[in-house]
Amino acid sequence: MYQQMIFVNLATNDIDASKKFFTELGYEINAQFSDESTGSVVISDTIVVMLLARPKYAEFTKKEIVDSTKSSEVLIALSAESREKVDELVEKAVAAGGSVTGETQDHGFMYGRAFNDLDGHTFEVVWMDPAAVEG
C-alpha cells in the first residue's frame, strides 16, 4: 500500500554541523541523497528532513530565504511515544548544540516541549495519551 511521504526542506548555514546535530539526536543520514550541500535526515519511513546549504536551497525558490534565528517560517511537530521520549529528544538536542524554546506544555493527556536546531528551526516534540486520541 502506498504511503505518502513528507520532505521538509530546511536551509542551513553549515551543512556538516547540521548533519552532525541530527545524527546526535539519533537520526540517520541517507548517504544516497546527501552530498556536500545536502543532508537527507531520515526521521521515519515517511518523514525526511532535507538539509540544504543556503545556496542549494536558493535553487528551489525565488523567495527570500528567512534567517530562521530571527523569523519563523515553519514549526515542525514530531510525535513521541512517551513523556520520557519527549524529554530525551529535547535533552539530546541541547547536548548537540540546540536550544530549548518556549515553555513545557503539560496538559495531562498531552505533553510537549520544543527546541531550536543550530539554524533556529523550531521542532516541537509532543506526546499524547492514546486514550485521549481514541476519544
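Is Thr12 buried or exposed? Before selecting this residue, keep in mind that the structure on the screen is a predicted model. Thr12 belongs to strand S1, which covers residues 6-12, and with a relative accessible area of 2% Thr12 is buried.

**Around Thr12**

With Thr12 still selected, display the side chains around it and look for Ser18, whose side chain is joined to that of Thr12 by a polar contact of 2.5 Å. A polar atom of the Thr12 side chain also lies 3.4 Å from the backbone nitrogen of Asp14. If neighbours within four places in sequence are set aside, the residues in contact with Thr12 are Ser18, Leu51, Leu52, Ala53, Arg54 and Asp119.

Follow S6 to strand S7, residues 110-116, to which S6 is joined by five bridges, the two strands running antiparallel. Within this pair, select Gln105 and look for Gly112 in S7, which stands opposite.

**Charged side chains on H3**

Staying with helix H3, select Lys85, Glu88 and Lys92. Lys85 and Glu88 are three residues apart in H3, about one turn of the helix, and their side chains meet in a salt bridge of 3.7 Å, N to O. Lys92 forms a salt bridge with Glu88 as well, with the closest N and O atoms 3.7 Å apart, and these two residues are four residues apart in H3, again a separation of about one helical turn. Through shared partners, the salt bridges join Lys85, Glu88 and Lys92 into one network. Lys85 is partly exposed at 35% relative accessibility, Glu88 is partly exposed at 34%, and Lys92 is partly exposed at 33%.

In the whole structure, six salt bridges are found.

**Aromatic rings**

Which residues do ring pairs link into a cluster? Select Phe21, Phe22, Phe115 and Phe123 to see them. Phe21 and Phe22 form an edge-to-face pair, 5.1 Å from centre to centre with 85° between the planes. The rings of Phe115 and Phe123 have centres 5.4 Å apart and planes at 10°, so this pair is stacked. Phe21 is buried at 2%, Phe22 is buried at 1%, and both Phe115 and Phe123 are buried with a relative accessible area of 1%.

**Last stop: Phe109**

Finally, select Phe109 in the loop between S6 and S7, where this residue is partly exposed with a relative accessible area of 40%. Phe109 and Ala132 are 23 residues apart in sequence, yet their C-alpha atoms are 6.4 Å apart in space. Residues up to four places away in sequence not being counted, Phe109 touches Trp127, Met128, Asp129 and Ala132.

How values were computed:
Residues numbered from 1 in each chain as written. Predicted model: local features only at pLDDT ≥ 70, side-chain atom pairs only at ≥ 80, totals over all residues. Heavy atoms only, no water. Pairing = 2+ DSSP bridges. Phe/Tyr/Trp six-rings, centres within 6.5 Å; stacked < 30°, edge-to-face > 60°. Buried < 20%, exposed > 50% of the residue type's maximum accessible area, 1.4 Å probe, protein only. Polar contact = N/O pair within 3.5 Å; in protein donor to acceptor, adjacent residues only side chain to side chain. Contact = heavy atoms within 4.5 Å. Salt bridge = Lys/Arg side-chain N within 4 Å of Asp/Glu carboxyl O.
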